[in-house]
Amino acid sequence: MTKSDDIKIIFSSNCKKDEEEYILVIGHSDSVVQTIKSINEAITYLQNCLQKTIMIKADMKGDFLKKLGGCDSLVVQISRKYNVSIHIDEKLQENNCYRMKVFGCKKEVDEATQYINNMISTLQERIEAKLNIPMPTFSYVDRNLRQLLRETEAKLNVALSVSRNVFDALKTGKFEGNCEITIKGKHSDVAAAKDALKEWRIESVHHPLPNCVQRYLFSHRSPKLNHLVHRIRVDVDLGCQRNPPADFIIITGLNPAVDRAIKYIEDVSESDFKVQLQVDPKYYRRLIGKGGSSIKDFNLHNNVEVLIPKPTQGDVISIFGSKTNCLRALEKIKALVSIWETTVEKEFEIDSSINSKFCGPQNGRLRETAKRFDVHVSDPRVVDFSDSKRIIIVSGLKDNVEQFINYLKAEINSFLNPIEDEYNYYIIPQNKIEIKIGEISVGSPVSQKKTKKNLVTSSRSSLLHEKY
């Protein structure tokens, strides 16, 4: 008895094979009609189905059931393609064969059996070849490149199997001697597979790569390092992680993979180029700018990354980016340094009492003025804050520095003496006036308020006098 939703289907308990029997369907009328329709369709389908049996040799069973390159087995692929059911029975000892049963509609079964027979003919044409590979090499492949084995089988359309001593070596951890690989397939496929497997040689290559490039391009968990390890399938030992750091990396893997890795590194280094330039550390401050503003603008406009060490760590700056951008940025920095090397430096003193008013907050007013004269202004760190003079350093082309300093002198002079320029303090008056001290009357002290009141009263008296 089978129950589905509100329908009950009851089969006879004493129904025998090849005998007709009634089925009892119980439920609502509409559901019963629909169920009977479905049962009749299933009976019609089964009446049109048939089963065929094909005999396959015992050594072919694995070919039909084995998954290649992560794909489904041949049995699953054929079942899905022709919409049939395939089942392999137990082995027949008398003829060392298996029964493969194919069940489905007549048309699909005929097509599936025809395809299977063609496959059997192809498998019977296979040849077998053996190849010895050093055990350490196969151990490396089995440990790190298991996917490579499946890909090789799928790509070259062959079946690979290894000798028993490989499994013994995996248990004991002693990988000595050779591993025998058996290759099965068509003659042309087997020959191609042998050539491919002969290239399975593990090698380690020391590839020169500057330490800074390693850190910039192939740092831990960077996309480029992941590409080398997971896509190209090589082991990479970065020199930048050694102590002391080294300007090379060690690439270990199969010979073809190592070659691809080296080419990839060279291509990346070409697109992510690096050049170095020796610069006197005294120019670092000017190159970096206030708060790093100058170097940030330089990197943005030239699409590069400039690495400037601390003055105590060396006199070599590094430029990273594409080859074209790096070379262009290099020439620009060379031009800047060339100009700075032809400049002069002069010290200029400013009275500390007017320093903040004259120079502006954080020397902003002074720096804006320096830009108009195309000079650079810097102020050494103040050691003695009680000093009455403040020193600034002006650097640039000689003529520009002279003009800037003359301008500062004139500005400071007008700042300290805010009287009109046409008045000369130092000219001795030509007219002489004699004053007798005894004849000058000295008034009593009068407050400003009383004086102002007297002036107002005097003005009113004058106005009244004029009126009358």
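Tutor: Happy to! One definition to begin with: a residue is buried when its relative accessible area is under 20%, exposed when that area is over 50%, and partly exposed in between. Please keep in mind that this is a predicted model.

Student: Which residues of helix 16 are buried?

Tutor: Buried here stands for a relative accessible area under 20%. With that cut-off, the buried residues of helix 16 are Leu-366, Thr-369 and Ala-370.

Student: Why can we say that these buried residues line one face of helix 16?

Tutor: Look down the axis of helix 16 and note where its buried residues point. They line one face of the helix because they fall within an arc of 105°.

Student: And which exposed residues does the face turned away from the buried side of helix 16 carry?

Tutor: Exposed means over 50% relative accessible area. On the face of helix 16 turned away from its buried side, the exposed residues are Lys-371 and Arg-372.

Student: Which residue just after helix 16 takes a positive phi?

Tutor: Step past the end of the helix and check the backbone there. The phi is about 55°, and the residue just after helix 16 that takes it is Asp-374.

Student: Now the largest pocket. Which residues are the closest to its centre?

Tutor: The largest pocket has a volume of about 1,000 Å³. It is lined by 28 residues, and the closest to its centre are Arg-286, Gly-289, Ser-294, Lys-371 and His-376.

Student: Which element gives the most to the lining of the largest pocket?

Tutor: Elements that give two or more residues include helix 12 (284–288), helix 13 (293–302), helix 14 (323–341) and strand 18 (389–396). Helix 16 (364–372) and strand 17 (376–378) belong to that group too. The element that gives the most, with 5 residues, is helix 16.

Student: How do the lining residues of the largest pocket divide by class, and which domains does this pocket lie between?

Tutor: By class, the lining holds 10 nonpolar, 10 polar and 8 charged residues. As for the domains, two of them give residues to the lining, so the pocket lies between domain 4 (274–342) and domain 5 (344–415).

Student: What about cavities: which residues line the largest cavity?

Tutor: A search of the whole structure finds 1 cavity of 30 Å³ or more. The space in the largest cavity is about 50 Å³, and its lining has 4 nonpolar, 1 polar and 2 charged residues. Helix 16 and helix 17 each supply at least two residues of that lining. The residues lining the cavity are Phe-358, Arg-365, Leu-366, Thr-369, Tyr-407, Leu-408 and Glu-411.

Student: Let's turn to salt bridges. How far apart are the closest N and O atoms of Glu-402 and Lys-346?

Tutor: Glu-402 and Lys-346 form a salt bridge, with the closest N and O atoms 2.0 Å apart. The pair links distant parts of the chain, since Glu-402 sits in helix 17 (residues 398–416) and Lys-346 in strand 16 (residues 344–351), 56 residues apart. Glu-402 is partly exposed at 28% relative accessible area, and Lys-346 is partly exposed at 33%. To come back to the distance you asked for, the N and O atoms are separated by 2.0 Å.

Student: Where do Glu-331 and Lys-334 lie?

Tutor: Their side chains meet in a salt bridge (4.0 Å, N to O). Glu-331 counts as partly exposed at 46% relative accessibility, and Lys-334 is partly exposed at 39%. The two are 3 residues apart, about one turn of the helix, and both lie in helix 14.

Student: Finally, how many salt bridges does a search of the whole structure find?

Tutor: We have looked at some of them pair by pair. The search of the whole structure gives a total of 11 salt bridges.

Methods: Residues numbered from 1 in each chain as written. Predicted model: local features only at pLDDT ≥ 70, side-chain atom pairs only at ≥ 80, totals over all residues. Heavy atoms only, no water. 1 Å grid on protein atoms, 1.4 Å probe; cavity = no way out; pocket = protein on both sides within 12 Å on 5 of 7 lines; lining within 4 Å. Points joined across faces, edges and corners; volume = space filled by probe spheres on them. Helix = DSSP H or I, 4+ residues; strand = E, 2+ residues; numbered from the N terminus. Nonpolar A, V, L, I, M, F, W, Y, C, P; charged D, E, K, R; others polar. Domains from an automatic or database assignment. Buried < 20%, exposed > 50% of the residue type's maximum accessible area, 1.4 Å probe, protein only. Arc of directions from axis to C-beta.
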